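Me: I have a model open and would like to understand the words used for it. Could you take me through them one by one?

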Amino acid sequence: MRSFFDNQNLLAIVWKWKLHLLIVGVVTILAAAVFSSPLFIQPLFQSQARVYPTNTNTFSEESESEQMLEMLNSSDLKWQLIDAFDLTSRFDISTAERFYRTKIMEEYNDRISCKKTEYESIEIKALDAEPVVASAMVDSLIHFYNRKILTLHQEKARENAATILKQLKRKRIAIEEVSEKMEPLRKEYGLLDYEIQAAQVTQGYLLALAEGASSRSVADIKELKANLEEQGGGFFLLQKELAGLEAQRDTLANRYDNALIEAEKNSTYTMVIEKPFPADKKAYPIRWLIVLFCLLAVEALALLTIFCVEGIQLSSR
């Protein structure tokens, strides 16, 4: 039996059965060519695109490309594409089937893929029997991604604007309350601006005394000076509080305007560096590879069968 497996014996056996092996090989090639033809396997065309994320911020340790990949592979975008192209019909899957959602997702993952390249771009590929449809699916997936991110950003901006608006309303109410407190002091005591009036009253009083102004003028200056001394401190604090509130109001108003701009902005969030286009050559099936694989598998099986037959004959002698 040991001599049976010598190289010369093996070659001799192969040579002995060469005609049979040749016939098996020819039949296999013809059969594989026929069964891999469009009559049995539907040819699929591939379309692809490469994109970079833009106008986005990272919210975790993931990179922008990884976040983009997470979004493209989300079930939300997958179902948008399935509904847009009626992929249940294109994949010949009935919605009445028990596990149709699982089946449609498995078929989707076989036909459509998104992956990150070594240069941090995202490569999107789609296979379909119609090259125009394959290209449109890739283009639509990019569009759905842009729309999804835009919607999320607008929702966040509107939420931010609503929060700022509440703060802005509170500041306006606080300003009105302080202004109401200052109004009696303006009307009854003639207080308008403590620092300016204090400097002018002091200067005017000294000048009136030096120039010998009328007693009526001096009395008016003394009255205003007394008002400043009596109510000026409280008026000054209210004036400072009002200035601070107005500065905060202006800051909030500016932030509110910016939030509204963000909520109304219509931005895109992808930079397409390779646009999809309808392919002019099918990508699946690769017939020569199918024929080669079948030929090797069948010839190997045939050789195994021949060796078994020869081994049985040898042992029976």
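Me: Happy to start with a ring. What makes Arg101 count as lying over the face of Trp79?
Reply: The rule asks for NZ of Lys or CZ of Arg within 6 Å of the ring centre and within 35 degrees of the ring normal. Arg101 lies over the face of Trp79 at 5.0 Å from the ring centre. Please keep in mind that this is a predicted model, where local features need pLDDT of at least 70 and side-chain atom pairs count only at pLDDT 80 or more, while totals for chains, interfaces and linings use all residues. Residues are numbered from 1 along each chain as its sequence is written, and side-chain values use heavy atoms, with hydrogens and water left out.

Me: How many aromatic pairs are there?
Reply: The count comes to 0, with rings of Phe, Tyr and Trp (its six-membered ring) pairing if their centres lie within 6.5 Å.

Me: Why is α4 called roughly perpendicular to α6?
Reply: Helix α4 (residues 75–84) and helix α6 (residues 100–111) pack at an angle of about 90°, with their axes 11 Å apart. Angles of 65 to 115 degrees count as roughly perpendicular, so α4 is given that name relative to α6. The axes are lines fitted to C-alpha atoms over the stretch in contact, and angles run from 0 to 180 degrees between N-to-C directions. Helices here are DSSP runs (H or I, at least four residues), and strands are E runs of at least two.

Me: Which residues make that contact?
Reply: Contact means heavy atoms within 4.5 Å. On α4 these are Lys78, Trp79, Leu81 and Ile82, and on α6 they are Tyr100, Arg101, Ile104, Met105, Tyr108 and Asn109. The residues of this contact divide into 7 nonpolar, 1 polar and 2 charged. Asp, Glu, Lys and Arg count as charged; Ala, Val, Leu, Ile, Met, Phe, Trp, Tyr, Cys and Pro as nonpolar; and the others, Gly among them, as polar.

Me: How do you know that β2 pairs with β3?
Reply: Two strands pair if DSSP finds at least two bridges between them. Here 5 bridges join β2 to β3, which run antiparallel, and Ser113 stands opposite Lys125 in β3. The two strands form a hairpin with 5 residues between them, and Glu120 in the turn has a positive phi of about 70°.

Me: What makes β2 and β4 edge strands?
Reply: The open sheet has the order β2-β3-β1-β4, with antiparallel pairing. β2 (112–116) and β4 (270–274) each pair on one side only.

Definitions and conventions. Parallel < 35°, antiparallel > 145°, perpendicular 65-115°, else oblique. Phe/Tyr/Trp six-rings, centres within 6.5 Å; stacked < 30°, edge-to-face > 60°.
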